[in-house]
Amino acid sequence: MSRFYLHQQIANGIIEDPDGTEVIDLAAARHEAILAARQLLANAILVGVTPIGRAFQITDEAGQALLTVPFRDALPPRFINVLDDTW
Amino acid sequence: MPHPTQSFVRNGLLSVIDAAGYAAIGPHLEPVDLPKGTVLIEAGEPFTHAHFLNSGIGSIIVSTADSQRVEAGIFGREGLAGFGSLLGADRGPQTTMIQVEGEGYRVSIGALRNACQQSDSLRETLLRYVHVFISQTSYTSLSNVSQSVEGRLARWLLMCHDRVTGDDIALTHEFLSIMLAVQRPSVTTALHMIEGYGFIKARRSNITIVDRDALVDFADGMYGTPEAEYRRLIGPFG
């Protein structure tokens with residue numbers, strides 16, 4: 001298990017992850033970021049506001065940036081395809 | 001060891017029962033320290049003791065098989081942990097644990113039941129508390145389906161503020177994520193937003209309430225009704 005931090009890039013800065021999360025590897029950390037982005041987007045839609053986040057920057061315990069996960073990657077393509085269907 | 005006198009106890013239930021009620025339970029109260037993480041009741045395990053808190057915050061949690069955890073309710077110096085024993089149950093599916101350290105008294109289930117048989121004041125006060133607790137969980141369920149994460153966070157912060165002394169609450173993002181049944185980034189973002197409005201100051205494991213009235217407004221009617229029930233039926237609160 002390793003500790004990864006999901007720092008959130010927002011329009012005018014960054015919201016730091018103070019505690020980090022213990023997961024097996026970077027792929028698992030990316031999965032956490034995708035789930036978290038979906039929850040943040042869902043809450044913004046529910047409340048009717050523009051989401052403030054744009055991406056998660058995943059870092060390790062030393063603060064080394066490992067991966068950027070844009071929020072748009074959290075939207076399953078099949079959802080968008082369905083919404084785009086003409087009918 | 002001499003038991004605490006009624007004027008000394010700060011627990012809201014033990015403070016309001018009549019002298020005869022206190023005489024029935026007082027001799028059975030054992031002082032206990034309640035560090036963060038103390039498990040008072042384990043899911044599925046027999047009830048052995050009830051706990052009356054003088055300080056600190058406890059949490060009643062339900063979990064799925066894959067250990068997704070959600071908080072069903074909180075209690076502090078106004079309440080009692082282990083009231084299932086008063087309702088005829090020998091165990092329950094929830095886990096009860098301490099989330100903000102404090103202290104209080106424990107009493108064996110047998111002694112509590114006996115004391116409740118001796119004193120109408122004690123029994124009725126504790127059962128009214130069960131009613132207030134059910135009101136709290138009812139509002140939690142309303143809040144969970146109708147409010148934004150920020151609104152729910154505002155409500156929970158107010159509920160914690162009622163149960164601590166001063167304006168600082170020692171809460172980790174991890175605990176808040178269980179309280180609100182969301183992932184930690186949702187907690188971090190909601191704290192960022194509420195801090196941006198000037199209602200709180202958030203530090204790594206500490207939240208300071210800056211503008212309580214504004215938080216109440218922001219909670220949009222979801223905070224206050226169970227608290228008013230406590231004041232109406234039991235006594236001072238918050």
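Two strands count as paired if DSSP finds at least two bridges between them, and the helices (H or I, at least four residues) and strands (E, at least two) are themselves DSSP runs, numbered from the N terminus. This is a predicted model, where local features need pLDDT of at least 70, side-chain atom pairs count only at pLDDT 80 or more, and totals for chains, interfaces and linings use all residues. Residues are numbered from 1 along each chain as its sequence is written, while chains are lettered from A and ligands numbered from 1 in the order in which they are written.

Chain B holds two sheets to look at. In one, S1, S8, S3 and S6 of chain B line up in that order as an open, antiparallel sheet. Its edges are S1 (30-34) and S6 (80-81) of chain B, each pairing on one side only. Five bridges hold the antiparallel pair of S1(B) and S8 (residues 102-108) of chain B, with B:Glu30 standing opposite B:Arg106 of S8(B). Helix H3 (residues 109-118) of chain B packs on this sheet and touches S3 (49-53) and S8 of chain B, its direction making about 75° with that of S8(B). Here, touching means contact: the C-beta atoms of two residues, placed from the backbone, lie within 7 Å. Angles run from 0 to 180 degrees between N-to-C directions, and axes are lines fitted to C-alpha atoms, for helices over the stretch in contact.

The other open sheet has the order S2-S7-S4-S5 (chain B), again with antiparallel pairing. S2 (39-41) and S5 (69-75) of chain B are the edge strands, and the twist from one strand to the next averages 35°. Inside this sheet, S4 (residues 57-63) and S7 (residues 95-100) of chain B run antiparallel and are joined by five bridges; B:Ile61 has B:Thr95 of S7(B) as its bridge partner.

Chain B is also split into domain 1 (12-141) and domain 2 (148-221), with bounds that come from an automatic or database domain assignment. Their centres, taken over C-alpha atoms, are 24 Å apart. Domain 1 of chain B puts 10 residues into the contact and domain 2 of chain B puts in nine. On the domain 1 side, the largest share, four residues, comes from S5(B). That side divides into five nonpolar, two polar and three charged residues. For these classes, Ala, Val, Leu, Ile, Met, Phe, Trp, Tyr, Cys and Pro count as nonpolar, Asp, Glu, Lys and Arg as charged, and the others, Gly among them, as polar.

Further along chain B, H5 (residues 149-161) and H6 (residues 173-180) pack at about 105°, with their axes 10 Å apart. That makes H5(B) roughly perpendicular to H6(B), a label for angles of 65 to 115 degrees (under 35 is roughly parallel, over 145 roughly antiparallel, and the rest oblique). B:Val149, B:Arg152, B:Leu153 and B:Trp156 of H5(B) meet B:Leu176, B:Met179 and B:Leu180 of H6(B). Six of these contact residues are nonpolar, none polar and one charged.

Chain A has two helices and five strands, running β-β-β-α-β-β-α from the N terminus on. Its C-alpha atoms fill a box of roughly 50 × 25 × 15 Å along the principal axes. Finally, 14 residues of chain B are in contact with 15 residues of chain A. H7(B) gives the most to the chain B side, with six residues, and that side divides into three nonpolar, eight polar and three charged residues.
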